[in-house]
Amino acid sequence: MTRIRRVCCVAMTLVAGLTATLAHGGQAIEARFFPSPDLQLEGRWAAPKPSLRNDPAFNNLVIGETPMTELRLIVPQAFVGKRVRVHMVVPSATQGLAGNRGLEVQWTTQGIFRSGTARPGERVLFYEGTATGGLLRDFVAYTLRVDATYMNGPLRFDPVYEIEER
Amino acid sequence: MTRESVGLKRGEHRALGCDAAVFVAVCAVITYSAGAQAASLGLNPPPGNLILVVGPEATPSAAGPVSVTFTLTAPQIGTGQIDGSPVVQIEMVGRRPPSGPNFTAELRANAPAFVTSGGNQIPISDFSWTSVALAGASYPQVIPSGVFAAGGGIQLIDTLSVVGGPTRTTGGALTFHYANSAIYPAGSYGPTAITYTAVWVP
């Protein structure tokens, strides 16, 4: 009997924990680049001519940059007409990266979304305002900075966008 | 004993029921997350490369060859080593592509057999260099000091193993010397080209 209670308590705790996580994280929403849903970048070395006198981290730095690209965030019906916040969540694990170090993403926008930077495991405010329709969109240019020391293959940056009522 | 066994079985059954509930909850979360498509960015690693910089220490990236000059006045002739000017900075950088194979790089010099002035010749082996670490260098490997091989030709100056980390570098500030241990006919010798090459050895 005691065992039953213990197992049930653990189960309830887990469910409660998951619910709490969802409540804190907001609701994940669909995001798409337009017109192409995926962007594939060719990395380049930040220091074309590395030098002994450079910081080794600079000599190892790989950069990937996108042009200004339209990003569309799909607003669920429940949030339309409401003041909302959208956060960009960068997963702790990134494909092509050993561990969660060595990656920084910087982006600039045309003013509807917020410009900023983020590293793996971070959650950054990306948009704040009224969702007047089912679509939020802006043009975004991303710069990926990767320390090649931690890069173990082609990298895939898959942020999650989460919406919540303000 | 029997009751305990029965009770235990019932407990296990309920426990399984709870596990199943948790499993369903987790599935719901996974489905929920997977349902939201994310805009995805892919980044291909850059290819590896091998870079060689040779230039005056003050401005190592200056375009064109660097010219080292040795000037002897009459009283100095045959009295021992003369330093050339300027000091030359040489850097060889090997960059392994992320997830790519290790490799070795060789720094080679190709020199003629003699430095000439009309029909007069000074053997290239009368010239040597002393190499020291570059000021402010953050890498430990320094090009070794040496002397040009008699007869000239291609000579291995340094070897760099590009293993482990993506970037490995060797380099140094090289002061060239003329031995000045023999007496040659007066004249203006040279110029003589010595070509340094960085070679990727798989």
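Visitor: What makes you call Trp129(B) and Phe148(B) buried?

Guide: Buried means under 20% relative accessible area; over 50% is exposed, and partly exposed lies in between, with a 1.4 Å probe and protein chains only. Both Trp129(B) and Phe148(B) are on the buried side of that cut-off. Bear in mind that this is a predicted model, where local features need pLDDT of at least 70 and side-chain atom pairs count only at pLDDT 80 or more, while totals for chains, interfaces and linings use all residues. Side-chain values use heavy atoms, without hydrogens and water; residues are numbered from 1 along each chain as its sequence is written, and chains are lettered from A and ligands numbered from 1 in the order in which they are written.

Visitor: How do you know that Ser131(B) is buried rather than exposed?

Guide: Its relative accessible area is 11%, so Ser131(B) counts as buried. Across chain B, buried residues make up 35% of the 202 residues.

Visitor: What does the side chain of Ser131(B) reach, and why is that a polar contact?

Guide: It reaches the backbone oxygen of Ile143(B) at 2.7 Å. A polar contact is a pair of N or O atoms within 3.5 Å; within protein, one must be able to donate a hydrogen and the other to accept it, and residues adjacent in sequence count only if both atoms are side-chain atoms.

Visitor: What else does Ser131(B) touch?

Guide: Contact means heavy atoms within 4.5 Å. Leaving out residues up to four places away in sequence, the contacts of Ser131(B) include Val142(B), Pro144(B), Gly172(B) and Leu174(B).

Visitor: What makes the ring pair of Trp107(A) and Phe126(A) tilted?

Guide: The structure holds eleven aromatic pairs over all chains. Trp107(A) and Phe126(A) are 5.9 Å apart, centre to centre, with 45 degrees between the planes. Rings of Phe, Tyr and Trp (its six-membered ring) pair if their centres lie within 6.5 Å; planes under 30 degrees apart count as stacked, over 60 as edge-to-face and the rest as tilted. So 5.9 Å makes a pair and 45 degrees makes it tilted. Trp107(A) lies in strand E9 (residues 103-109) and Phe126(A) in strand E11 (residues 123-130) of chain A, so the pair ties together parts 19 residues apart in sequence.

Visitor: What kind of pair do Trp129(B) and Phe148(B) form?

Guide: Their centres are 4.9 Å apart and their planes at 55 degrees, so this pair is tilted. Trp129(B) belongs to strand E8 of chain B and Phe148(B) to the loop between E9 and strand E10 (153-162) of chain B, 19 residues apart.

Visitor: Why is the charge of Arg72(A) said to sit over the ring of Phe34(A)?

Guide: The rule asks for NZ of Lys or CZ of Arg within 6 Å of the ring centre and within 35 degrees of the ring normal. The charged end of Arg72(A) sits over the ring of Phe34(A), 3.6 Å from its centre, so the distance is inside the cut-off.

Visitor: What makes E10 and E12 of chain B edge strands?

Guide: Three strands form an open antiparallel sheet in the order E10-E5-E12 (chain B). E10 and strand E12 (195-201) of chain B each pair on one side only. Seven antiparallel bridges join strand E5 (residues 103-111) of chain B to E12(B), with Glu106(B) partnered by Val199(B).

Visitor: How do you know that Ile51(B) is buried?

Guide: Its relative accessible area of 12% makes Ile51(B) buried. Ile51(B) lies in strand E2 (residues 49-56) of chain B, and its contacts include Pro48(A), Lys49(A) and Met92(B). Ile51(B) and Met92(B) are 41 residues apart in sequence, but 5.6 Å apart in space, C-alpha to C-alpha.

Definitions and conventions: Helix = DSSP H or I, 4+ residues; strand = E, 2+ residues; numbered from the N terminus. Pairing = 2+ DSSP bridges.
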